[in-house]
Amino acid sequence: RLDHVLSAALVLSDVAATSGDRVGLIAFDDAIRAVVSPQRGRAALRSLRTAISGLEARVVEPDYAAAFRVLATSQPRRALIVFFTDVIDVRAARSLVAFATRAGRRHAVVVVAIENDALIEASRPKSVGATALYRSAAAEELVRERAEALARMRGAGIAVLDVSPSHMATAVVNRYLEIKARGLL
């Protein structure tokens, strides 16, 4: 899943840089892992590739406060801010909703919620028996909580792309092109 996110981010950055826009990056989990200040052209893409080359997925609670502090200092002008995230449930999404809503006053914010295809598949029972039923019920509950978290984000005015990893790059680039065409930047 991380490979799909990094690929989608690089494709989006390439399209944006080719369009003459500045591109940057803040990679974080429970700490800031990489920062690339917004810049134009091929140099920006080289900087992004270098910054993401050592990133690894970790299952930790993200520090949105730290990321938004870095964003506030590195990007004072209106910009498109794209967050790639693995939305799990309402509780975990509260912090993201609060910070993204605040950032949305200045920036165009898009949250890319990465679908967990394995979880969705697990929510559909394939066999009979108590264990299979329990597993699918637990997965179904997580799918429902995730849908509720995304609904809260949308209700707060945050643009949300809920996509499978395999369709992420296309969906993100299409959203970028739509935002540019509508003059929202």
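Colleague: Why is Ile-114 called buried?
Modeller: Buried means under 20% relative accessible area (exposed is over 50%, partly exposed in between; 1.4 Å probe, protein chains only). Ile-114 has a relative accessible area of 6%, so Ile-114 counts as buried. The model is predicted: local features need pLDDT of at least 70, side-chain atom pairs count only at pLDDT 80 or more, and totals for chains, interfaces and linings use all residues. Residues are numbered from 1 along each chain as its sequence is written, and side-chain values use heavy atoms, with hydrogens and water left out.

Colleague: What surrounds Ile-114, leaving aside its neighbours within four places in sequence?
Modeller: Contact means heavy atoms within 4.5 Å. With those neighbours left aside, Ile-114 is in contact with Arg-1, Val-5, Phe-84, Thr-85, Asp-86, Arg-146, Val-163, Pro-165 and Met-168. Ile-114 itself is found in strand 4, residues 108–114. Helices (H or I, at least four residues) and strands (E, at least two) are DSSP runs, numbered from the N terminus.

Colleague: How far is Ile-114 from Ser-7?
Modeller: In sequence, Ile-114 and Ser-7 are 107 residues apart; in space, they are 13 Å apart, C-alpha to C-alpha.

Colleague: How do you know what confidence the predictor gives the protein?
Modeller: From pLDDT, the predictor's confidence in each residue, from 0 to 100. The protein averages 89, and 99% of the residues score at least 70.

Colleague: Why is the pair of Phe-68 and Phe-83 called stacked?
Modeller: A search of the whole structure finds four aromatic pairs. Rings of Phe, Tyr and Trp (its six-membered ring) pair if their centres lie within 6.5 Å; planes under 30 degrees apart count as stacked, over 60 as edge-to-face and the rest as tilted. Phe-68 and Phe-83 stand 4.9 Å centre to centre with 25° between the planes, and form a stacked pair. The pair links distant parts of the chain, with Phe-68 in helix 3 and Phe-83 in strand 3, 15 residues apart. Both Phe-68 and Phe-83 are buried.

Colleague: What makes Phe-68 and Phe-99 a stacked pair?
Modeller: Their values are 5.3 Å centre to centre and 15° between the planes, and the stacked class takes planes under 30 degrees apart. Phe-68 lies in helix 3 and Phe-99 in helix 4, so this pair ties together parts that are 31 residues apart in sequence. Phe-28, Tyr-64, Phe-68, Phe-83 and Phe-99 form one aromatic cluster.

Colleague: What is the difference between a cavity and a pocket?
Modeller: On a 1 Å grid over the protein atoms alone, a 1.4 Å probe fits in a cavity but cannot get out, while a pocket is an open set with protein on both sides within 12 Å along at least five of seven lines; lining residues have an atom within 4 Å of a point.

Colleague: How many cavities of 30 Å³ or more does the search find?
Modeller: One. The largest cavity has a volume of about 40 Å³, and the residues lining this cavity include Leu-80, Val-110, Arg-175 and Tyr-176. Helix 7 gives the most to the lining of the largest cavity, with four residues.

Definitions and conventions. Grid points are joined across faces, edges and corners, and a volume is the space filled by probe spheres set on the points.
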